[in-house]
Amino acid sequence: MSKARMIRYDFDPDNPPPLTQRQKDLLKKLEEKPDSEIDYSDLPDQSKRIVEEFGYRPHTRITTVRFDSDVLGWLHSLGKDYQKKMNDILRKEMLAAKAESTRVQHKVTPEAPKEKPRGRRRQTVS
């Protein structure tokens, strides 16, 4: 039985190897193509990676919120960055709710308003 050999390459991004003529020609063709003709459909979604790598977060606002004391106690028990964890929990729920609302696209017809009884209802005693 032969052992598979592992080949290791070291890559220095500050000093990359020179491009071959074929690679230069492909890049030239791509550069000349209008964006509308470039097919990006096979690229994976990069939004999660961008958020994780660059730490993108929407603008934050200061607000006052009331929580039940046991909920707040539990959040405090998570550590000193409990506010970030609280935001992460709420964001997860928000994104799940948004995904659910886009998944379930059905038309809800409102019920006709029920007539309210006029005047006081009298009780009859038999």
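Helices, here and below, are DSSP runs of H or I with at least four residues, strands are runs of E with at least two, and both are numbered from the N terminus. The model is predicted, so local features need pLDDT of at least 70 and side-chain atom pairs count only at pLDDT 80 or more, while totals for chains, interfaces and linings use all residues. Residues are numbered from 1 along each chain as its sequence is written, and side-chain values use heavy atoms, with hydrogens and water left out.

The largest pocket holds about 720 Å³ of space. A pocket is found on a 1 Å grid over the protein atoms alone, as an open set of points with protein on both sides within 12 Å along at least five of seven lines; its lining residues have an atom within 4 Å of a point. Grid points are joined across faces, edges and corners, and the volume is the space filled by probe spheres set on the points. The lining comes to 20 residues, and those nearest the centre are Arg 61, Thr 63, Gln 83, Met 86 and Asn 87. By class, the lining has nine nonpolar, six polar and five charged residues. In this division Ala, Val, Leu, Ile, Met, Phe, Trp, Tyr, Cys and Pro are nonpolar, Asp, Glu, Lys and Arg are charged, and the others, Gly among them, are polar.

The chain as a whole has four helices and zero strands, in the order α-α-α-α from the N terminus. Of its 126 residues, 2% count as buried; that word means under 20% relative accessible area, with exposed over 50% and partly exposed in between (1.4 Å probe, protein chains only). The accessible surface is about 14,200 Å², and 54% of this belongs to carbon and sulfur atoms. Areas come from the Shrake-Rupley method with a 1.4 Å probe, and for residues only the protein chains shown count as cover.

Part of that surface is a nonpolar patch of about 290 Å², made by Val 65, Phe 67, Val 71 and Leu 72. Patch members have over 30% relative accessible area and no salt bridge; nonpolar side chains (Val, Leu, Ile, Met, Phe, Trp, Tyr) are joined within 5 Å, like charges within 9 Å. Val 71 sits in helix α3 (residues 69-77) and is partly exposed because its relative accessibility is 34%.

There are four salt bridges in the structure, each a side-chain nitrogen of Lys or Arg within 4 Å of a carboxyl oxygen of Asp or Glu. One of them joins Arg 8 to Asp 10, with the closest N and O atoms 3.6 Å apart. Arg 8 is exposed at 72% relative accessible area, and Asp 10 is exposed at 70%.

Another salt bridge links Lys 28 and Glu 32 at 3.9 Å, N to O. Both residues belong to helix α1 (residues 21-32), where they are four residues apart, about one turn of the helix. Lys 28 is partly exposed at 46%, whereas Glu 32 is exposed at 57%. Asp 81 and Lys 85 also form a salt bridge, at 3.5 Å from N to O. Asp 81 is partly exposed at 37%, and Lys 85 is partly exposed at 30%.

Note on methods. On a 1 Å grid over the protein atoms alone, a cavity is a set of points where a 1.4 Å probe fits but cannot get out, and a pocket is an open set with protein on both sides within 12 Å along at least five of seven lines; lining residues have an atom within 4 Å of a point.
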